[in-house]
Amino acid sequence: MGGGGPDEEDNNNEKWPPWLKPLLKEQFFVQCKLHIESHKSECNMYCLDCMNGSLCSFCLAYHRDHNYIQIRRSSYHDVIRVSEIQKYLDISGVQTYVINSAKVVFLNERPQPRPGKGVINTCEVCDRSLVDNFRFCSLGCKDFQKKKRQLAMVSSDSEDSYSSSSHGKPRKNDDNNNKVRSFSPSTPPPTSVNYRNAKRRKGIPQRAPMAGLIIQY
């Protein structure tokens, strides 16, 4: 069922087109609301320039000079022919399949309860069994993995920036504390005389010698 050998690993600096995310979320093979009374008005087309939802064959009259692709179905899942999508998107690492003598890729992941016995290679995102040495089972899984890697790189850069700024510059509180300590006089240590005076007990108070005399005139 697998078609062709493994593709080259995707480039980390690759930028995904803006239409990919809307395409993966779009619902196809529904009745066109604009041509509901027309025969064969099933929406299975998508304009990469307008990105305004799925289109039927009658809608293409308004997108003649645009770039559009056709979505097909395999076992109730959306697929697209490799010959169409590879003109606009790098699909390296995505598992390809041969359906009706045409090589296709799936748009989104397909649920799989558990990998088959003896399966060595699986999708890096959903763990679906893969043929050969591919990395992803669909365009959606490759897009998810790329976003995850980009978020990790942004988080790492933020941590490095914070670490360099915090170690490179002294904090204001530290400067103020140093200034306070430098201008505050130090407390002298207690002397031995003060210590003896502090330890000495107070005696019984004595009256003055003339306190008991009565002076008569």
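I counted five helices and seven strands in the protein chain; helices (H or I, at least four residues) and strands (E, at least two) are DSSP runs, numbered from the N terminus. I note that this is a predicted model, in which local features need pLDDT of at least 70 and side-chain atom pairs count only at pLDDT 80 or more, while totals for chains, interfaces and linings use all residues. Residues are numbered from 1 along each chain as its sequence is written, and side-chain values use heavy atoms, with hydrogens and water left out.

**Entry: the chain.** I read the order of elements from the N terminus as α-β-β-β-β-β-α-β-β-α-α-α. Of the 217 residues, 30% count as buried (under 20% relative accessible area, with exposed over 50% and partly exposed in between; 1.4 Å probe, protein chains only). I then looked up contacts (heavy atoms within 4.5 Å): among those between residues at least 6 apart in sequence, 49% join residues at least 24 apart.

**Entry: the largest pocket.** I looked for pockets on a 1 Å grid over the protein atoms alone; a pocket is an open set of points where a 1.4 Å probe fits, with protein on both sides within 12 Å along at least five of seven lines, and lining residues have an atom within 4 Å of a point. The largest pocket holds about 160 Å³ of space, the volume being the space filled by probe spheres set on the points, which are joined across faces, edges and corners. Its lining includes C32, C43, C59, H35 and H63.

**Entry: D78.** I located D78 in strand β5 (residues 77–81). D78 counts as buried because its relative accessible area is 14%. Its side chain makes a polar contact with the side chain of R73 at 3.1 Å (a pair of N or O atoms within 3.5 Å; within protein, one must be able to donate a hydrogen and the other to accept it, and residues adjacent in sequence count only if both atoms are side-chain atoms). Leaving aside neighbours within four places in sequence, I found D78 in contact with F28, F29, I71, R72, R73, V105, F106 and L107.

**Entry: Q112.** I placed Q112 in the loop between β7 (102–106) and α3 (139–168). Q112 is partly exposed, because its relative accessible area is 29%. Not counting residues up to four places away in sequence, Q112 touches D127, R128 and S129. A polar atom of the Q112 side chain lies 2.9 Å from the backbone nitrogen of S129. I also noted that Q112 and C126, 14 residues apart in sequence, are 8.4 Å apart in space, C-alpha to C-alpha.
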